Amino acid sequence: MRIMKRILFAALFLFVINMVLCAARDKVCRTGFSYEISQSVNWGYGMPVVTEITPYSAAERAGLQLYDIIEQIDGISVLEISPEEIDILLNPANKQSVTLAVRSTFDSQRLVVLPKECKSVNAISESQLAQAFNMYSLETTYERDFVCPFTITVTNDSVDFSQFRTYAFADVDPANEELEHNINRIIRAEMEKKGFSADADNPDLLIQTFYYFDKNPDYVGPNPIKLKQSVYRYDFTHSKMRQLPFLDITASESEAAYLLQFGIRIIDQKLQKGRVLWECEADELLEEAFHLEKYAQIHVPLMCMQFPYVKNQKNIRFHVKTCVYNYTGINYDMEQLNRVISVDANSPAYAAGIRAKDEIEDIEGQSLAYSVDEFTAAYRQFVMNTMKFRDASTRFTDCNGFKRCMYWDTFQYPEVNKAIQNPNNLTAFAYLYYFAPYINPTSNNAITFDIKRGKESKRMIIRPTIRTGISVTIHNY
């Protein structure tokens, strides 16, 4: 019960903590990205490297890319200032935008003009609310961690990986020609996403793959004492988590019926021919047979995430954050959730006529005349009462350690909808998932808002945009 309370309160009230810290200001401004000071001699040593970009943020719209190296902020070299001064320059109090000079695998240098996004310190967005009420739709909104048994080896030489621009593949094995061509096709897509181009005649880099798959000669069977743990990995091809027949990294090799090894090696062809610059090897323990090409389809994008910037080198932990929700553009008042604190320009809500200081009486017939505490208590009760409508075969543990996360049972969608419609459950914010069949069995994703402006009441129909925000990042240890 203690864990459940922590999960249900966390997303909503972490925002409140930020409010307290910023109480002296009327507005809070965000850059829309995270960074860390690089300790890699191969990629931006001592400079900020972008490690995460918030979907739909100003940073994303401005074209900032994952692992961009920030060399200058408004013309000032980051190597000449402290980390604290970097924070201040990235979010100056007296400027509406900053200009970043960045370096990446795409460009030796480019300029990114980054506007600041400022909102009232009391505002909470629909994205934040969708995460706070994600148990309405775990199918679309969740945060999960998973570990891959990768080992990454990087050259000890101080080689700047941004010097390399082109690549070619090593000769394929005639005995496995089709397999290797298909694997190379997957790697090619990842290299091109990073800005590298193919050059078979005079490449800067040579890419080799190596692999092994066979029955385990030392297999003795699963551990009869240890509880089996389901293994999930993120599949970029289908944009979802997938359960795979692999053993957890804590398992011993004797518990695996099959052994699989797969690796990618990147070799210098420009500065010191034949020098291995970067290598990622996966060593998997399997319960059943698994095709190498299928393995590459899922795992090559995960392996390539740490080229050219390596954060961790052993048993890599990934963090998946996905939030698919209805966006109208309304920002609510944290202290009074039925009050509109602002409306994003050019948003569906703005086009429909909703404005700041409007009072929302109800959404799809569900009243908003309740406090944050009342909404939270009703939400917690809803989660507990509807556990029986979830599919136990989809059970997973989220990044906060809550072990009873499950998707809705498709056969129970009508019952879920009844619970959503029950006014005692205070489910007004379920409109964020109105496109989902378990929330709204019709295909009409149009939301009815009853608005009060002064003494005048008005009904408005808003057709929201479905926003899909997905980020996969690597945890620091």
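Leaving out neighbours within four places in sequence, P115 is in contact (heavy atoms within 4.5 Å) with A58, Q96 and S97. The model is predicted, so local features need pLDDT of at least 70 and side-chain atom pairs count only at pLDDT 80 or more, while totals for chains, interfaces and linings use all residues. Residues are numbered from 1 along each chain as its sequence is written, and side-chain values use heavy atoms, with hydrogens and water left out. Here is a short tour, starting with P115 and its surroundings.

**P115 and strand 7**
- P115 sits in strand 7 (residues 110-115); helices (H or I, at least four residues) and strands (E, at least two) are DSSP runs, numbered from the N terminus.
- With a relative accessible area of 38%, P115 is partly exposed; buried means under 20% relative accessible area, exposed over 50%, and partly exposed in between (1.4 Å probe, protein chains only).
- From P115 to F307 the C-alpha to C-alpha separation is 29 Å, and the two are 192 residues apart in sequence.

**Confidence**
- The protein chain has a mean pLDDT of 92, and 94% of its residues reach 70 or more; pLDDT is the predictor's confidence in each residue, from 0 to 100.
- Over residues 1-24 pLDDT stays under 50, and the model has 46 contacts beyond four places in sequence for this stretch.
- Where pLDDT is low, the predicted coordinates should not be read in detail.

**Backbone points worth a look**
- Most residues other than glycine have a negative phi, and most peptide bonds are trans.
- F307 and P308 are joined by a cis peptide bond, with omega of about 15 degrees.
- P308 belongs to the loop between helix 6 and strand 18 (314-327).
- Y56, not a glycine, has a positive phi of about 65 degrees.
- The loop between strand 3 and helix 2 (58-62) holds Y56, which is partly exposed at 32% relative accessibility.
- L426 is another residue other than glycine with a positive phi, near 50 degrees.
- L426 lies in the loop between helix 9 and strand 23 (447-453) and is buried, with a relative accessible area of 9%.

**Helix 9 and I420**
- Helix 9 (residues 413-421) has Y413, V416, N417, A419 and I420 buried.
- These residues are on the same side of helix 9, because they cover an arc of only 160 degrees around the axis; the arc is that of the directions from the helix axis to the C-beta atoms.
- Strand 22 (366-367) and helix 8 (372-385) are among the elements that cover the buried residues of helix 9.
- I420, in helix 9, has a relative accessible area of 6%.
- Beyond four places in sequence, I420 is in contact with Y136, Q366, F382, T427, A430, Y438 and I439.

**I451 in strand 23**
- I451 lies in strand 23 and is buried, at 2% relative accessibility.
- I461 is 10 residues from I451 in sequence and 11 Å away in space, C-alpha to C-alpha.

**The second largest pocket**
- The second largest pocket holds about 860 Å³ of space.
- Its lining has 30 residues, and Q65, L66, K193, F236 and V472 are the closest to the centre of the second largest pocket.
- On a 1 Å grid over the protein atoms alone, a pocket is an open set of points where a 1.4 Å probe fits, with protein on both sides within 12 Å along at least five of seven lines; lining residues have an atom within 4 Å of a point.
- Grid points are joined across faces, edges and corners, and the volume is the space filled by probe spheres set on the points.
- Strand 3 (48-53), helix 5 (177-193), helix 6 (292-304) and strand 25 (465-474) each supply at least two lining residues.
- Strand 25 gives the most to this lining, with six residues.
- The lining of the second largest pocket comprises 16 nonpolar, eight polar and six charged residues; Ala, Val, Leu, Ile, Met, Phe, Trp, Tyr, Cys and Pro count as nonpolar, Asp, Glu, Lys and Arg as charged, and the others, Gly among them, as polar.

**I470 in strand 25**
- I470, in strand 25, is partly exposed, with a relative accessible area of 32%.
- Residues up to four places away in sequence aside, I470 touches P55, Y234, S239, K321 and T322.
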